[in-house]
Amino acid sequence: MPSIKDIMQTMEYGPAPESNSEVRAWLDQRAAGLGHFINGKFTAPGDDLIEVVNPATEEVMGRVPKGSTADVDAAVRAARAALPKWAALSGFERARYLYAIARHIQKRERFFAVLETMDNGKTIRETRDIDIPLVARHFYHHAGWAELVDDEFPDHMPVGVCGQIIPWNFPLLMLAWKVAPALAAGNTVVLKPADLTPMTACAFAELLMEIGLPAGVVNIVHGDGETGAAIAGHADIDKVAFTGSTDVGRVIRRQIAGSGKKLSLELGGKSPFIVLEDADLDGAVEGVVDAIWFNQGEVCCAGSRILVQEGVARRFFEKLAQRMKTLRVGDPLDKTMDIGAVVSKKQLSRIKALLETGKAEGATLNVAPVELPKRGAFCAPGFFTGTASSHTVSQVEIFGPVATTQTFRTLGEAVTLANDTRYGLAASVWSENVNRAIELAARVKAGVVWINGTNMFDAAAPFGGYRESGFGREGGRSGMLEYLALPADRKGKPRPAPALVPQVQPFTGKADLPEIDITAKLYIGGKQARPDGGQSYTVIGKSGQAIGQAGLANRKDVRNAVEAAGKATGWGGVTGHNRAQVLYYLAENLSQRRAEFAAALAASGASPKAEEEVELTIRRAFWYAAQADKFDGAVTATKSRHVTMTVNEPFGTMGIVAPDEAPLLSLLSLILPAIALGNRVVAVASQSHPLIAARLYQVLETSDIPGGVVNLLTGERDVLARTLAEHDDVAALWYCGSEEGAAMVEAASAGNLKSTWSDYGKLRDWRDPKQGQGREFLRRACQVKTIWLPYGE
Ligand code: NDP
């Protein structure tokens, strides 16, 4: 043991271990194994046990059972039984439980921090200063939402029983992110921790017993992917919330397609860390430490692709290499360590294999000159140089403490590189020039953007991804909405199948029966377009007679329409005021032609009250015009000296599939909120009453809606819906068709994990503003981007 005098000479760190005796004693008492936590009690552990290993020491620290379908059943039954009473409690009563959880976590912060460190391998510095304080903050924040839920979310109700599946990188924090909002909103929970890191969830269950949470409100079932699949697929689960890899997210999307379960997915990322030449380089270097070397790089939103402007690149990488030399890797319970163990030997092998791939593809790996402990799953931090976007390591999550690097010249090039990924979880932007920083924040496709900072989290700040990083948000108001439902989502009777099945006919462009008064084309890119296949179908009216022909669009037409929509990017950039003007103009033009629309609707036989339908459509256009510059984001109260903005960003191109009922009103009730917020749409009009689309495009043409913003297709609803669902350039899809169609759309959308919204074949009363109009439509037409801007010296 060196003396203090020696240390003063060398300035070496001495060992500073955090005591784990309390946790060891706790573990010793539970050495035989910990059971599931079902209906307020721990089950007997049984024989089929998973060993839980401390990845830093390789010691077995505990055992948990592998949940069977019977265990999952029991947990879901308990959650279902507890639901009515829990949901019926007043917000105040639920708030008291959440508050008690927060208080008890705080009282035991040290215990939880040590247990988490031993289970996961992350450093005590991080569990003590980041994970556990954020867990407490999350429960406090949601105690507040429980209190306010009736005031702040009128008409909403709990979703029901929530199945929640969490990963191993932030075990207790991910539990808090899932459980707190679910309980605040009045739901009950069945949660599965990752089999690698179940220990803090067990301690949390004990805490729930202490505070007297009613039995069955939270149930914890241990196990692996199979157990997770049994939870997600359980028929009596109403919502699935998953955090983990994009691959498993996709599996779950397909597994529960068509079930009507609400789904939120928080998936992988390959987040850019962008350093402009006017950045504070030393600050940015510290940023990298917090971006990719935080939590051993096992962070979904890690800044894992460092992009540096050319003029400062050499200097930046030199500084980074210098800083990397000072990192300390070792015993995670030592308070002086920067980097602990990765979660398991298996994860270490995965990381190492990817590092080898990076080198084999021609990149250079710069590794910190650290001596790694002989035992345990330790990985030296580093960064690649010489990586290109095409390299595997630039595209795939390494999920270890190693970043890739690239350089760029212009802001535009930085945006292109930043967005050159299938993910869109987070981004860091470093610049002392606020104009450039905010411009980048606006142009990067990511759910969270940190300016001059990284990995900042708060319970009030929504977190979640764009693109293949998933959908749904955790935290704040948006996070609460993931755990609430509207009565309109559940109401309607089953929708009948379309009355008309298109019969293929050549597209003649002229009426071939005397009573046919219209031959409708498609409307693509602001122009009328003949269907690609040259086919049309005869439309039958009220009297059972043919009343016209409509274009029979095919996959190629969908692709053309999506391409046209993709080009109309200007629409998202104009002000809400401009969009409002255009929507008012559309309403005005519709109003001028109300008699003609009413007559056409009446002739179609689709609308018993045709005049009323036209009138309501005009009113709806006014309502969404009014909303175009009012459906605001917010500045949320997070940390001091930070402005945290939540911005409602349009998706880009949305697919819309309209139902047969109220063909004009329903079609525009779907299109208007989407375009009011700046999206472009490819809309499929009613299959049975498609001629209304032809009249509509005449109105669109005269309403200053730029070409490509609204594209209208007619034809076989589900054929077109499938193509939209499979199309990678369609970012979100709304589908109002049949139950089977909804299942098809959800399964087919798993490709690019687009956000989908479906009524599962249930009729909606489009005339009722509570069902056919409202903020929910607007909320579903955008994705929240959270931008963090620290201020002060
Ligand atoms: P997974 O996505 O497999 O695990 C996340 C959670 O899902 C765990 O609880 C897991 O169970 C469970 N699970 C696995 N398969 C299914 C299924 N079919 N249905 C329901 N639940 C399931 O991540 P891994 O642990 O395998 O890690 C692999 C890679 O994924 C990492 O290297 C990293 O790149 C990425 N990852 C990303 C995370 C993120 O937050 N973005 C988090 C974790 C991993 P169990 O682990 O118990 O088997």
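1. About 1,000 Å³ of space lies in the second largest pocket, where a pocket is, on a 1 Å grid over the protein atoms alone, an open set of points where a 1.4 Å probe fits, with protein on both sides within 12 Å along at least five of seven lines. The volume is the space filled by probe spheres set on the points, which are joined across faces, edges and corners.

2. This is a predicted model, in which local features need pLDDT of at least 70 and side-chain atom pairs count only at pLDDT 80 or more, while totals for chains, interfaces and linings use all residues. Residues are numbered from 1 along each chain as its sequence is written, and side-chain values use heavy atoms, with hydrogens and water left out.

3. The pocket has 38 lining residues, and Pro167, Trp168, Gly244, Ser245 and Val248 are those nearest its centre; a lining residue has an atom within 4 Å of a grid point. Helix H10 (246–255) gives the most to this lining, with six residues.

4. The ligand sits in this second largest pocket, meaning that more than half of its atoms lie within 2 Å of the pocket's grid points. Around the ligand are 27 residues, the closest being Trp168, Lys192, Asp195, Ser245 and Arg350, where a residue counts as near if one of its heavy atoms lies within 4 Å.

5. Polar contacts are pairs of N or O atoms within 3.5 Å. An oxygen atom of the ligand is 2.7 Å from a polar backbone atom of Asp195, and a backbone N or O atom of Gly223 lies 3.1 Å from a ligand oxygen atom.

Key. A polar contact is a pair of N or O atoms within 3.5 Å; within protein, one must be able to donate a hydrogen and the other to accept it, and residues adjacent in sequence count only if both atoms are side-chain atoms. Helices (H or I, at least four residues) and strands (E, at least two) are DSSP runs, numbered from the N terminus.
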